[in-house]
Amino acid sequence: MPGAGAMPRTTIKQFPQLRPPTFYGTPDPMAAESWLLGIERVFEVLPCTDEQKVVFATFMFEGAALIWWQLKKPLEPLWLWPRFLEVFNEKYFPEMEVLHAALIAEESLNEMSQFRENRKKRIGGNVSRGQSSKRQSSGSSSGNSSAQQRNIVSQGSSRSNELPTCPTCQKKHWGECRMGSRGCYGCGQEGHQIRDCPMRKRIQGAGTSASASVQQPPTERGNNQPR
């Protein structure tokens with residue numbers, strides 16, 4: 001009597017009572033599929049171990065199927081149902097192996113294609129970012145160059161308008177410094193100072209005459225004045 005919780009064993013006498021299908025080993029995959037579905041339906045009702053399933057299923061082999069199993073059975077010491085299904089499918093469903101290999105190959109191709117697509121996107125993103133950074137650096141460098149050139153020009157123009165500091169008198173003026181000499185600071189001749197320089201008076205007089213000639217137009221002579 002089986003122990004508590006143990007699965008009861010089905011005897012070979014109980015198995016035929018459920019009218020399990022017979023398999024003749026025809027090369028038709030539909031016939032093999034139909035037999036396999038029928039035999040598994042029986043195993044859903046009868047409590048069998050994986051080893052018993054192989055014994056009961058192969059008991060229903062006839063013809064070519066029985067010959068095939070007699071050649072296959074001695075190759076392994078113990079046959080369990082998962083291993084039997086693997087061998088049975090290889091024999092009577094060869095296209096499933098081809099389909100499985102094709103599915104694996106297709107999946108590998110899809111993965112490779114996806115990998116290449118992602119790689120192109122990564123490379124394209126890096127190139128775009130590199131070109132953008134190059135444009136930004138080029139624009140900033142050109143802007144900096146322009147700003148530097150403007151600064152140089154502005155500094156040059158301001159320097160050109162600015163009087164240089166004389167190292168002798170420490171004052172800003174153009175030309176030769178006459179500090180310490182006896183000559184006039186205006187004309188450079190000796191014997192007078194710049195406030196008495198005749199050239200300065202001459203320049204001031206010419207400026208005054210020119211201003212007067214512009215501001216006071218000449219008066220017209222009357223008819224009774226002598227010519």
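Which residue forms a salt bridge with Glu76, and how far apart are the closest N and O atoms? The partner is Arg83, and the closest N and O atoms of the pair lie 2.8 Å apart. A salt bridge here is a side-chain nitrogen of Lys or Arg within 4 Å of a carboxyl oxygen of Asp or Glu.

Before going further, a word on the basis of these values. The model is predicted, with local features requiring pLDDT of at least 70 and side-chain atom pairs counting only at pLDDT 80 or more, while totals for chains, interfaces and linings use all residues. Residues are numbered from 1 along each chain as its sequence is written, and side-chain values use heavy atoms, with hydrogens and water left out.

By the salt-bridge rule, the count comes to two. Arg83 also pairs with Glu86, where the closest N and O atoms are 3.4 Å apart. Both Arg83 and Glu86 belong to helix α4, three residues apart, or about one turn of the helix. Helices (H or I, at least four residues) are DSSP runs, numbered from the N terminus. Relative accessible area is 32% for Arg83, 23% for Glu76 and 41% for Glu86. Arg83 therefore counts as partly exposed, as does Glu76, and Glu86 falls in that class too. The classes are buried, under 20% relative accessible area, exposed, over 50%, and partly exposed in between (1.4 Å probe, protein chains only).

The largest nonpolar core has 26 residues, of which Trp35, Ile39, Phe61, Trp81 and Phe88 touch the most other members. Such a core is a set of buried Ala, Val, Leu, Ile, Met, Phe, Trp, Tyr and Cys residues joined through side-chain atoms within 4.5 Å. At least two of its residues come from each of α1 (29–45), α2 (50–59), α3 (64–72) and α4 (81–92). Leaving aside residues up to four places away in sequence, Trp35 is in contact (heavy atoms within 4.5 Å) with Pro21, Thr22, Phe23, Ala57, Met60, Phe61 and Phe88.

Thr58 sits in helix α2 and is buried, because its relative accessible area is 10%. The side chain of Thr58 reaches the backbone oxygen of Val54 at 2.7 Å, and a polar atom of that side chain lies 3.2 Å from the backbone oxygen of Val55. Not counting residues up to four places away in sequence, Thr58 touches Trp69 and Phe84.

How values were computed. Polar contact = N/O pair within 3.5 Å; in protein donor to acceptor, adjacent residues only side chain to side chain.
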